[in-house]
Amino acid sequence: MSDSETIAAGYAFTGPALDLGALLWDGACLPDAQIRIPLPMLNRHGLVAGATGTGKTKTLQLIAEQLSAQGVPVFLADVKGDVSGISAPGVTNDKVAGRAAEVRQQWTATGFPAEFYALGGIGHGIPVRATITGFGPVLLSKVLQLNQTQEQSLGLIFHYADTKGLELIDLKDLRAVVTFLTSDEGKPELKNIGGLSTATAGVILRSLTAFEAQGMADFFGEPDFDTSELLRTAPDGRGMVSVLELPAVQDKPQLFSTFLMWMLADLFHDLPEVGDADKPKLVFFFDEAHLLFNDASKAFLDSITQTVRLIRSKGVGVFFVTQTPKDVPGDVLAQLGNRVQHALRAFTPDDQKALKATVKTFPNSSYDLEEILTGLGTGEAVVTVLSENGAPTPVAVTRLRAPESLMGPIDAATLDAAVKSSSLYGRYAQAVDRESAYEKLTTAERQPQPQEKPKAAAKEAPPKEDESMVQQVVGSGMFKSLARSVGTQIGREITRSLFGTARRKR
């Protein structure tokens, strides 16, 4: 058996699979040697990598289409705004027809069922919001760019708010609780578990102010997005493709990359164990993955690693999309069983180092991968996946199929119409500001003080003129009584997952 036949035999799966393309060998495309990924192996995670302009987005589109067709929901982050076309039939031309003929693809223009979302409603899409309580201290620390000590202090603040039943819905709620915990009345509250220094509280408050000044307050609030919406299928049985439109916030990479991780962590928190299934419940494509790992704390990286390791058993596959495997920490990379590596450039010493590191992540093969990876054309990739029995397949240089949906964005008017006609639009479109920590403080101020002990009440000094409203209220006996009462009823309901995320069951 020749080398090419051995490679082809490694992809001759008997069960349902996704068709990626045809084998390239000695410069020739071999349409009889189809390169595929077994459908049950999509929850073993993957990596789609390659330099800018090599076809990564089209590969995501190709995989997403086939997943949807087989009834698997898909989540895609659309950073550049060119994935929305998945909802519309593609347009044939000589290039598409030529590619389809080369790889023996029966190409049919097809649109797929899609929902479009936008962080905080900024841009085109159904608004996606999270409460501060639900987002959790680890992820919020990443967004606020806090150091390890400040992250730990923020964790104490969340712990206090949880136990007292003080829901942190938006930024003003968190600011109110931090202000209380640094007041004379509030400092003893955290004394037994480490306390909160004035300096650290000041950093957190300044970070919140700067964050809000950049127009990011809209991302936190209610109604908070229920990530189970991502698991839906269309009436015709196809998986829904959930597209998070990010062009309006692409200049805020820390925010959107961390929000993607919140969505994944929230799914992990809520989904039951299913073990190995015939097909995934969801495949989640994590675009611009390097942004997630940049300047990440150890706690953050540990949580990512554990989430990726454990979410497989809940039926969710995660594909990280970035330029080189070097962008992904080794502990995470080791869990990515399916690899689609597009071309790499080797113009600088750093590029050469990244190229050599990439080659080492592949199984041994008869290819000279250093030469191959720098010579791949657009829409070509080096592939290795997990076979039906979980073993790595032979490395295969592949000419990929063409997506059947529109390879480009749909126009803004069509996108807006799709958003407003969605059954989810009415549920999430309008922001709600219900009673939470901040409102409880201001309500407590308006209520009269208890008069059970007149003598003790007489000793109370009037508030200083320069005290803020929040500082006045949180120091009051009424507030402390309120916090104890509410905490008894609600605080115990909050449980937190690996990232410190939380969700109250509806």
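Predicted model: local features only at pLDDT ≥ 70, side-chain atom pairs only at ≥ 80, totals over all residues.
Let's start with helices α7 and α8. Helix α7 covers residues 171-181, and α8 runs over 198-213. Their axes come within 10 Å and cross at roughly 160 degrees. An angle over 145 degrees counts as roughly antiparallel, and that is why α7 is described as roughly antiparallel to α8. As for the handedness, α7 passes α8 in a left-handed crossing. Who makes the contact? From α7 you have L171, L174, R175, V178 and T179, and from α8 you have A201, I204, L205, L208, T209, F211 and E212. Sorted by class, this contact of α7 with α8 has eight nonpolar residues, two polar ones and two charged ones.

Helix α9 takes in residues 253-270, and helix α11 takes in residues 298-311. These helices pack at about 45 degrees, and their axes are 11 Å apart. At that angle, α9 and α11 are therefore oblique to each other. The crossing of α9 and α11 is left-handed. On the α9 side the contact uses T258, M261, L264 and F268, while α11 brings F300, I304, T307, L310 and I311.

Helix α5 spans residues 137-144, helix α6 spans residues 148-163, and the angle between them is about 135 degrees. Their axes lie 9 Å apart. So α5 and α6 are also placed in the oblique group. Is their crossing left-handed or right-handed? For α5 and α6 the crossing is right-handed. If you want to find the contact on screen, pick P137, V138, L140 and S141 in α5, then E151, L154, G155 and F158 in α6. That set divides into five nonpolar, two polar and one charged.

How many cavities of 30 Å³ or more does the structure hold? There is one, and the largest cavity has a volume of about 30 Å³. Its lining consists of T57, L60, A77, D78, V79, K80, D82, V83 and D287. Two elements, α2 (56-69) and β4 (74-78), each supply at least two of the lining residues.

Most residues other than glycine have a negative phi, and most peptide bonds are trans. With that in mind, have a look at E222 and P223, which are joined by a cis peptide bond with omega at about 0 degrees. P223 sits in the loop between α8 and β7, where β7 covers 241-245. The other detail is R104, a residue other than glycine whose phi is positive, near 60 degrees. You will find R104 in the loop between α3 (94-103) and β5 (114-119).

Note on methods:
Residues numbered from 1 in each chain as written. Heavy atoms only, no water. Axes fitted to C-alpha atoms, helices over the stretch in contact; angles between N-to-C directions. Helix = DSSP H or I, 4+ residues; strand = E, 2+ residues; numbered from the N terminus. Parallel < 35°, antiparallel > 145°, perpendicular 65-115°, else oblique. Left-handed = near helix turned anticlockwise from the far one by under 90°. Contact = heavy atoms within 4.5 Å. Nonpolar A, V, L, I, M, F, W, Y, C, P; charged D, E, K, R; others polar. 1 Å grid on protein atoms, 1.4 Å probe; cavity = no way out; pocket = protein on both sides within 12 Å on 5 of 7 lines; lining within 4 Å. Points joined across faces, edges and corners; volume = space filled by probe spheres on them.
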